[in-house]
Amino acid sequence: MEMKITSPGGITGTIKNYFAAGNNRSEMEMKMPQMPGGGMHTIMLIKKDNPKNLISLNEKSKTYTETDIKDNANEKETYTYTVKKIGEENVNGYKCIHSIIIGSKKDTYDAWTSKQVPYYEEYNRFSQADPQMGSAARDNAMKAAGVEGFPVKMMSKSSE
C-alpha cells in the first residue's frame, strides 16, 4: 500500500506499508527543503509475534532501535475530536465517506475514508499500534460518527 504526501510548503513524500502474515513494514521517504539534509527516510517494523515492539531501522548507521509501544488509550483524556459527516463521494475509484474532523487544539482535517480499500483491517491494526500514526480519541470519534475507514484522501488545515 502506498500513500503520497504533499503540502503547500514544498514537503513531499511517500509512505509504503507492507503486510504479510501479520507482520508490518512501513517505509517513509520525506523531502523537506527546510530540513538539514533535505528530508528523511525511516523504516519501521512490527512483528506479529511481538506487536507492542516497534523496531526502527537506521540504514545509514546500520543500527536499529526497539520501542515499547504504549496503548493509544493512554492518550490525554482532555484531547477530543468532533467529527461531522459531509456525505459520500468517489475518490480514486473507492466509495468514500467525506468528513471534517476538528481536534480540541483546533487542528482540522477533511478526510475521505473507505472500508473498500484492500488490507484496510491490517492498516487499521498497524496504525493503532503506532502512536505516531494513530489516535484512539480520533478513531473513537470517527467510529461514533460512522466515518471510520482507510484514509483514501486527507487534507490538513492549519490555522497558522
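Trainee: Of the contacts between residues at least 6 apart in sequence, how many join residues at least 24 apart?
Mentor: In this protein 40% of them do, where contact means heavy atoms within 4.5 Å. Keep in mind that this is a predicted model, in which local features need pLDDT of at least 70, side-chain atom pairs count only at pLDDT 80 or more, and totals for chains, interfaces and linings use all residues. Residues are numbered from 1 along each chain as its sequence is written, and side-chain values use heavy atoms, with hydrogens and water left out.

Trainee: Okay, and which residues make up the largest nonpolar core?
Mentor: That core has 11 residues in all, including Met3, Ile15, Trp112, Val117 and Phe150. A nonpolar core is a set of buried Ala, Val, Leu, Ile, Met, Phe, Trp, Tyr and Cys residues joined through side-chain atoms within 4.5 Å, and buried means under 20% relative accessible area, exposed over 50% and partly exposed in between, with a 1.4 Å probe and protein chains only.

Trainee: What does Val117 touch, leaving out residues up to four places away in sequence?
Mentor: Val117 touches Tyr94, Phe150 and Val152.

Trainee: Switching topic, is Glu27 buried or exposed?
Mentor: Glu27 counts as buried because its relative accessibility is 19%. Leaving aside neighbours within four places in sequence, Glu27 is in contact with residues including Ile15, Tyr18 and Ile43.

Trainee: And which side chain does the Glu27 side chain make a polar contact with?
Mentor: Its partner is the side chain of Arg25, at 2.6 Å; a polar contact is a pair of N or O atoms within 3.5 Å, and within protein one must be able to donate a hydrogen and the other to accept it, while residues adjacent in sequence count only if both atoms are side-chain atoms.
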